[in-house]
Amino acid sequence: MTTKKLAWLESMLLVAGLAVLVAPPAAARTICVSKTNPNCANKIQTAIQLALFGDTVRIQAGTYQDTIQIPPLKRGLRVIGGQGVIIDAISDGSPTSQQTANAPPPVVLNQAVGIHVYANDVQIRGLTIRGAASHGILVQAGFSRTRILAVTIENPNGDGIRCGGACDGPLGP
């Protein structure tokens, strides 16, 4: 191969490589969570597992008995609720605030936090987290740029929000 053809081939490979590097990412998706809509996931953690980089998990009103983990590969995830979205992180569905003396104590789910963040660039907005066995929200050390907006944390056994990583505010409602 001549030097001229080799130089042309190298420049084309460079252009192709740069095109791959600057190509826009696939469009972010919205994954819904609902207690009543069969077209949506019925658990928040299921929707998070389906989510890709930059997706949004939008939670419809309801009480969800769950603890949530946002793993490292979910960078850029947005978990968005609204009025009437409650994550009941301690209960198995039995009453907690109106318990009678003869009723068994609620079952604690996973002895865990309400939402445990192991990813960078996560946004959590518009939720109420109730009665976590540990912290309401824990951002694991080593992960950063978590934004927590309009979140209410009720009766955690630890801190409401603990940022082992770096959190951006405003925190709370």
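## Two parallel sheets in a predicted model

Strands β6 (residues 85-88) and β9 (residues 128-130) run parallel and are joined by three bridges. Please keep in mind as you look around that this is a predicted model. Within this pair, aspartate 88 has arginine 130 of β9 as its bridge partner.

Now for the wider setting of that pair. β6 and β9 belong to an open sheet of four strands, ordered β3-β6-β9-β12, with parallel pairing. Why is one side of β3 and of β12 left without a neighbour in the sheet? β3 (62-65) and β12 (152-154) stand at the edges and each has a single partner strand, so one side of each has no neighbour there. On average, neighbouring strands of this sheet are turned by 20° against each other, direction ignored.

A further open sheet is also built from four strands, this time in the order β4-β7-β10-β13, and its pairing is parallel. Its edge strands are β4 (68-70) and β13 (161-163), which pair on one side only. From one strand to the next, the twist averages 10°.

Which residue of β13 does leucine 138 stand opposite? It is arginine 162. The strands β10 (residues 137-139) and β13 run parallel, with three bridges joining them.

As a general point, the strands of a sheet pair through backbone hydrogen bonds, and the pairing can be parallel or antiparallel.

Conventions: Residues are numbered from 1 along each chain as its sequence is written. This is a predicted model: local features need pLDDT of at least 70, side-chain atom pairs count only at pLDDT 80 or more; totals for chains, interfaces and linings use all residues. Side-chain values use heavy atoms; hydrogens and water are left out. Two strands pair if DSSP finds at least two bridges between them. Axes are lines fitted to C-alpha atoms, for helices over the stretch in contact, and angles run from 0 to 180 degrees between N-to-C directions.
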